[in-house]
Amino acid sequence: MIELKRINKYYKTGKNMFQALKDVSLTIDDGEFVSIMGQSGAGKSTLMHIIGTLDDFDSGSYMLDGELVNTMKDKKKSLLRSSKIGFVMQDFALINHETVLYNVMLPMYFSNVKYSEMKKIAIDKIMHVGLGDQVTKKVNQLSGGQKQRVAIARALVAGASMILADEPTGQLDSNTGKEIMELLKTLNEEDGITVILVTHDLSISEYSRRRIVLSDGKIVSDEKLEK
Ligand SMILES: Nc1ncnc2c1ncn2[C@@H]1O[C@H](COP(=O)(O)OP(=O)(O)O)[C@@H](O)[C@H]1O
Ligand SMILES: [Mg+2]
């Protein structure tokens, strides 16, 4: 469970201070499927980076699964992140000249897991996202939709219970985007993975069960979507 209380975040550029998040309070339960919308510059990515423990904030508190993130040491934070949170980005963030298998195994290379076991887990996740026939292909030989599936398999491989997806369909045509959303929906409904998704596309947000709108660093609406 994610509990943000009165989070404020400033960016300092030279002498200027810019407030990117203003008193943001937000609770997200395990198993939710939430979309975050808002205009460019509204603070969506900033909020995602804070939820993902990638970025610090200036005031407020963040409890993740009952643990206070504020005071957590970086090492603890990165352990927590790699075991709980999977990131999916608009530009896929894959190593293009390496294979699907290599990319999906990557988050496990620094664990104590044996190579044969890592490979087994990775192949299982690759099959789970529908790419069982692409395991040894290089990423640069895949379509955009297939690349995003690889990124989702990589997000799941360390056992993440939460996927943070920042504009995951932003570089995909609308049909491929819908397929990726169907996959995220299945992971949410069947595997209980919490999905938090940033999008500026209303039809993409319809896949979620709760829609939050940010404007100018503030939450201006937070509604349950009828299904
Ligand atoms: N590293 C940074 N340094 C300075 N300003 C930043 C930085 N990152 C984001 N901002 C500013 O904070 C605001 C929110 O950015 P962001 O969270 O990326 O918005 P969104 O994802 O909604 O487009 C924007 O005005 C942006 O210019
Ligand atoms: Mg953004």
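How many bridges join strand 7 to strand 8, and do they run parallel or antiparallel? Five bridges join strand 7 (residues 162-166) to strand 8 (residues 194-198), and the two run parallel.

This is a predicted model, in which local features need pLDDT of at least 70, side-chain atom pairs count only at pLDDT 80 or more, and totals for chains, interfaces and linings use all residues. Residues are numbered from 1 along each chain as its sequence is written, while chains are lettered from A and ligands numbered from 1 in the order in which they are written.

View 1. Helices (H or I, at least four residues) and strands (E, at least two) are DSSP runs, numbered from the N terminus. Two strands pair if DSSP finds at least two bridges between them.

**View 2. Strand 3 pairs with strand 8 and with strand 9.** Strands of a sheet pair through backbone hydrogen bonds, either parallel or antiparallel. Strand 3 (residues 33-37) and strand 8 pair in the parallel sense over four bridges. Four bridges also join strand 3 to strand 9 (residues 210-215), again parallel. Find serine 35. It stands opposite leucine 197 in strand 8 and opposite arginine 211 in strand 9. Five of the five residues of strand 3 are buried (20 or more other C-beta atoms within 10 Å of its own; exposed means 12 or fewer, partly exposed in between; C-beta atoms are placed from the backbone). Phe33, Ser35 and Met37 point one way, and Val34 and Ile36 point the other way.

**View 3. Isoleucine 36 belongs to the largest nonpolar core.** A nonpolar core is a set of buried Ala, Val, Leu, Ile, Met, Phe, Trp, Tyr and Cys residues joined through C-beta atoms within 7 Å. This core has 61 residues. Ile36, Ala153, Ile163, Leu164 and Val195 touch the most other members. Helix 5 (residues 144-156) gives the largest share, six residues. Isoleucine 36 touches residues including Lys44, Leu47 and Ile196, not counting residues up to four places away in sequence. Touching means C-beta atoms, placed from the backbone, within 7 Å.

**View 4. Helix 1 gives the largest share of the shell around ligand 1.** That share is three residues. Strand 1 (2-13) and strand 2 (16-28) each give two or more residues too. Among the surrounding residues are Tyr11, Phe18, Gly43, Lys44 and Ser45 (C-beta atom, placed from the backbone, within 6 Å of the molecule). Helix 1 (residues 44-51) is largely enclosed by the rest of the structure, because six of its eight residues are buried. Leu47 and Met48 are among the buried ones. Just after helix 1, threonine 53 takes a positive phi of about 60°.

**View 5. Strand 1 and strand 2 form a hairpin.** Nine bridges join the two strands, which run antiparallel. Lysine 9 stands opposite leucine 21 in strand 2. Two residues lie between the strands, and glycine 14 takes a positive phi near 60°.

Terms used. Contact = placed C-beta atoms within 7 Å.
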